[in-house]
Amino acid sequence: MNLESELHAEYARYCTRRWFFKECGVGMAGLAAAHLLAPAAGASPTAVNPLLPKRSHYPAKAKRVIYLFMGGAPSHLELFDNKPELAKWDGKLPPADLLKGYRAAFINPNSKLMGSKYKFAKHGQSGAEIGELLPHTAKLADDLTIVKSMKTDAFNHAPAQILMSTGAQIFGRPSFGAWTLYGLGTDNQDLPGYVVLQSGQKGPSGGMSNFGCGFLPTVYQGVPFRSSGEPVLYLSNPKGVTDTTQRNTLDVLKQLNEERLGVMGDPEIASRINSFELAYRMQRTAPEVMDISQEPQHILDMYGAKPGEASFANNCLLARRMIESGVRFVQLFHEAWDHHGGLTKGLKDQCGLTDQPAAALVRDLKQRGLLEDTIVIWGGEFGRTPMVQGGSDGRDHHPNAFTMWFAGGGLKPGLTLGATDEFGFNVTEDPVHVHDLHATLLHLLGFEHTKLAVKFQGLDMRLTNVHGELVPKLLA
């Protein structure tokens, strides 16, 4: 018998009715059960829009978030945490007990100390100390909530950014923006509920995981927009595709997907339906929202924005226009603060690009009555070492202490929380871990952080994992 005949014989032996019922009995039973449990005829499920507004656990102080993510980690020692004692130790080796058990990312921890490259001054009735490179931010001292006692667990960029964004150092967890959208939905169904804008020298080190949805349906992930040109690639129809043709095509796709959704019940199919329909609506709404040339000249000047250019200033103005249009969460990544060398010039350049527009955003929200229920967040993934790197003008990564500032959304204005030691090395008062920050921000959005959870792989997964404590001192 040749090989072909043997294969036919083997195929015939297994494809018998007895073999089918013997080997596939469990599967047949499952099909029968599914049929018996299926909804009655005429009650087939249809896609429900998962982005419709939802109620939080309790009345919220904040309704929306703008997150100014300063990727690369700005130096707190030049911008917010004034350390006169560090200046006295400039060029000297740090005390031995300071470095006990400490690991640096790149430098030898036993490197010489370096005082701040810039001066500080007190501002506002609150007396907040802010570095001279941030004159516009300094004028907002009484509107800001400054936390000088932030702590994190990671000392390299990608894991630290992902921890700050998702509550974990590993890929595959939902971002803070995705959790916010999952919990609250969004008010404008013609725009994504979570929009991402980028500027600086490159994209975030943690990549798209910083604004991903993890194990949540993909409808909750951040949608990258461009600040110049078409907001989203391929937003316009190609030549020859009319609106009628596109609408008819989408109607057929929607019908086919809804039929499949009725059979499978897969939430990703619902996400696909929503994605197609949202993209269609965005063709009409997104270009108008993204057109900052509609703004009066004094507003453009306040931000330092220039229509048609890609910049952090334009992105700040776009963020205001988006949340004003009903977008729930807008995240701006400005990856340009990793100053292992050239710190003096690097900080001056980046503060020159970001200080005015960030301050303008807060002022603009306040004058429009939007700040009181919008959380504005400014900060990076960790701080910088008081020890020098790169000869005489750089600082290494430092997870033990760093500074972030916030505005609006139920946070206590004019407050400076926490303190560090005389070198800005360790937190000495009111430590705030990344998990504590997440718990507090979720509280302001109306959620008990231990209850905003999703069952995944047998566990109740949440933004704060099994950690996180509310920081009451931050609340207005």
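A nonpolar core is a set of buried Ala, Val, Leu, Ile, Met, Phe, Trp, Tyr and Cys residues joined through side-chain atoms within 4.5 Å. Keep that in mind for these exercises on a predicted model.

**Exercise 1.** Find which residues of the largest nonpolar core touch the most other members.

*Solution.* Start with the core itself, which has 58 residues. Those touching the most other members are Leu68, Leu79, Tyr303, Met322, Val376 and Trp405. Next, look at where the core comes from: helix α13 (residues 343–367) gives the largest share, nine residues. A second core, of 47 residues, is separate and includes Leu163, Phe406, Val434 and Leu475.

**Exercise 2.** Work out how helices α12 and α13 are arranged: roughly parallel or roughly antiparallel?

*Solution.* Begin with the geometry: α12 (residues 312–324) packs against α13 at an angle of about 20 degrees, and the axes are 8 Å apart. Angles under 35 degrees count as roughly parallel, so α12 is roughly parallel to α13. Now see who takes part: α12 supplies Phe312, Ala313, Cys316, Arg320 and Ile323, while residues from α13 include Leu353, Pro357 and Leu361. Sorted by class, the contact holds nine nonpolar, one polar and two charged residues.

**Exercise 3.** Decide whether Ile107 is buried or exposed, and find its contacts beyond four places in sequence.

*Solution.* First, locate Ile107 in the loop between α5 (84–88) and β2 (120–123). Its relative accessibility is 11%, and buried means under 20%, so Ile107 counts as buried. Finally, list the contacts: Thr385, Met387, Val388, Gln389 and Asp396.

Key. Residues are numbered from 1 along each chain as its sequence is written. This is a predicted model: local features need pLDDT of at least 70, side-chain atom pairs count only at pLDDT 80 or more; totals for chains, interfaces and linings use all residues. Side-chain values use heavy atoms; hydrogens and water are left out. Buried means under 20% relative accessible area, exposed over 50%, partly exposed in between (1.4 Å probe, protein chains only). Helices (H or I, at least four residues) and strands (E, at least two) are DSSP runs, numbered from the N terminus. Axes are lines fitted to C-alpha atoms, for helices over the stretch in contact, and angles run from 0 to 180 degrees between N-to-C directions. Angles under 35 degrees count as roughly parallel, over 145 as roughly antiparallel, 65 to 115 as roughly perpendicular and the rest as oblique. Contact means heavy atoms within 4.5 Å. Ala, Val, Leu, Ile, Met, Phe, Trp, Tyr, Cys and Pro count as nonpolar, Asp, Glu, Lys and Arg as charged, and the others, Gly among them, as polar.
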